[in-house]
Amino acid sequence: MTTDHSVHELFGMPHSLYTGIARAYLRTQGIAYRELGTRHPVFAADILPVTRRSIIPVLRTPGGEIIQDSLDIIDHFEARGVPYPAYPETPLQRILAIVLQYYGYQSLLRHAMHYRWSFLAEQETFIRHAFASALGAELAEEVMQRMQSYLPGLGVTPDTAPLIEASYRDLLQLLNTHLAQHPYLFGGRPSIADYGLIGPLYAHLGRDPVPAGIMKTTAPWVYRWVERMLAPGLDVVEFADYGADFVADDAIPDTLAPVLTHAAAEIFPELTDKLAFMDAWVAQQQPANGQPIGAKPHQRHIGQVQTQFRGVPIQAGVEPYLLYLLQRAGDVMQRLPQAEQQRLQAVLESYGLQAAVPAARDYRVGRAGQLEVWQR
Ligand SMILES: N[C@@H](CCC(=O)N[C@@H](CS)C(=O)NCC(=O)O)C(=O)O
C-alpha cells in the first residue's frame, strides 16, 4: 500500500510513551515526517506483517525501510548525521546519559503507568478520549483493560503507590532545580538521557491531568523542558546565550548529581536482581544465537523476579531489552584503558551507580527481524 513516500512516516499515538520519544527526536532534528495512527490502513497492510507485533512507534523511511523501537529510530538518524547529536562524545557523560535513558525507559514506566491508571476517577474522560480517538471505542476498551493489567507486573501495588508518588514529586524538584540552570540534562542540547526521560515525562506524566497538574504547579521548569523537548529544534528562549554543546570537559553539572542519586535509589536493587535472573535463565536455557527472546513476537519478559522498590518487596517482569539498552554503556566502559575505567567507576560509585554498567557477558541482546534476540 502506498502513501506519500517523500517524508518519513511515524506510526504512533499522541499519548504513547515511546512514540513521544521518537516524535521529540524528529522535531528536534528538523526531520520532515508525517504521523499516522495504527488505524491507518497502511499499518495493517505494510507495517504489521514486518514488525509481527502490535507495537509503536514504527518509522517508515522514504526509502521504505521499517524501523520499530524508539531507540533504533534515534540510532538510525544518529548514524547518518543530525544537527544535534544525542550521544555525548566523552565517556562519563555518554555512560551516564545511557543509564538515565534506561531509567526513563524502564524505571519511570512504573510512575507513568501508576499515574495514568490509578487516578481514573479524576481523569477518565481524558484517558478514554485519548484511546478512543486513536483506536475506536471498542478496541480502546480492550487496550485500556490490557494496559491496566500490566500494573502488578510493574510493581505498582497499594504498598508501593505512596512511594511512587513521593518519588515523582522528589524527582520533579530535583529536575526543576537543574532545569532552572541548564536547558537540558547535560547542557545545551538534548542527549539520549533527555530522550529517555521525555517518554514518561511527556506522554503520561506531562500530559495526563493529575500528574501534569502536579508538574505544572510544583515544577514549572520541568514543564517548560517538556515543551522544549517537543518543540522544533532547540526551544531555548530562556537560555539564549547558552550554546548547543554538552557541558565541557566531560563534567557532570552539580545540579544533575542529585538526579543521578535519586535514579540510583530506584534502579537498584531491581536491575541487579533482573540481571542475575537473566544470567541464570541464559545459563539454564542456553538459547541459540539469533533466537528471539520470547516464544511469541509480542512476549517481552522471560520471567518475573522478586525484588524491591524503595525497600518494599515487588515482583517485576524481566525484559532482556534492559541489556539491549545498558550494554551500550558497557561497551563505552570496556573500550577505555583500565585506569580510566577505575576512575569512572569511582565517579559512578559516588552516585550509587557502580552496578549500572553491565560487565561483558557471554551473551548479548541484539535485534534481528524486528525482534530482540539473544546473541552468543
Ligand atoms: N522498546 C520499545 C517499546 C515500545 C512500546 O512499549 N510501545 C507501547 C506503546 S507506548 C506499545 O506499543 N505497547 C503495546 C502493548 O504493550 O500491547 C520502543 O522503545 O519502541
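Predicted model: local features only at pLDDT ≥ 70, side-chain atom pairs only at ≥ 80, totals over all residues.
Figure 1. The centres of domain 1 and domain 3, taken over C-alpha atoms, are separated by 24 Å. The contact involves 7 residues of domain 1 and 5 residues of domain 3. On the side of domain 1 that touches domain 3, helix H2 (41-51) and helix H3 each supply at least two residues. By class, the residues on this side of domain 1 are 2 nonpolar, 2 polar and 3 charged.

**Figure 2. Division of the chain into domains.** Domain 1 covers residues 8-80 and domain 2 covers residues 94-267. Domain 3 is made up of 270-334 + 357-375.

**Figure 3. Residues around the ligand.** The ligand is surrounded by Ser16, Leu17, Tyr18, Ile55, Ile56, Pro57, Asp69, Ser70, Leu71, Arg146 and Tyr321. Two or more residues of this shell come from helix H1 (17-29), and two or more from helix H3 (70-80). The shell around the ligand divides into 7 nonpolar, 2 polar and 2 charged residues. Helix H3 also supplies at least two residues to the side of domain 1 that touches domain 3.

**Figure 4. The largest nonpolar core.** This core has 97 residues. The members that touch the most other members are Ile95, Ile98, Val99, Leu100, Ile198 and Val222. Helix H4 (residues 91-117) gives the largest share of the core, 16 residues.

**Figure 5. Contacts of Val99.** Leaving out residues up to four places away in sequence, Val99 touches Ala329, Leu353 and Ala356. Val99 is also one of the residues that touch the most other members of the largest nonpolar core.

Key. Residues numbered from 1 in each chain as written. Near = placed C-beta within 6 Å. Helix = DSSP H or I, 4+ residues; strand = E, 2+ residues; numbered from the N terminus. Nonpolar A, V, L, I, M, F, W, Y, C, P; charged D, E, K, R; others polar. Domains from an automatic or database assignment. Contact = placed C-beta atoms within 7 Å. Core = buried A, V, L, I, M, F, W, Y, C linked by C-beta atoms within 7 Å. Buried ≥ 20, exposed ≤ 12 C-beta atoms within 10 Å, placed from the backbone.
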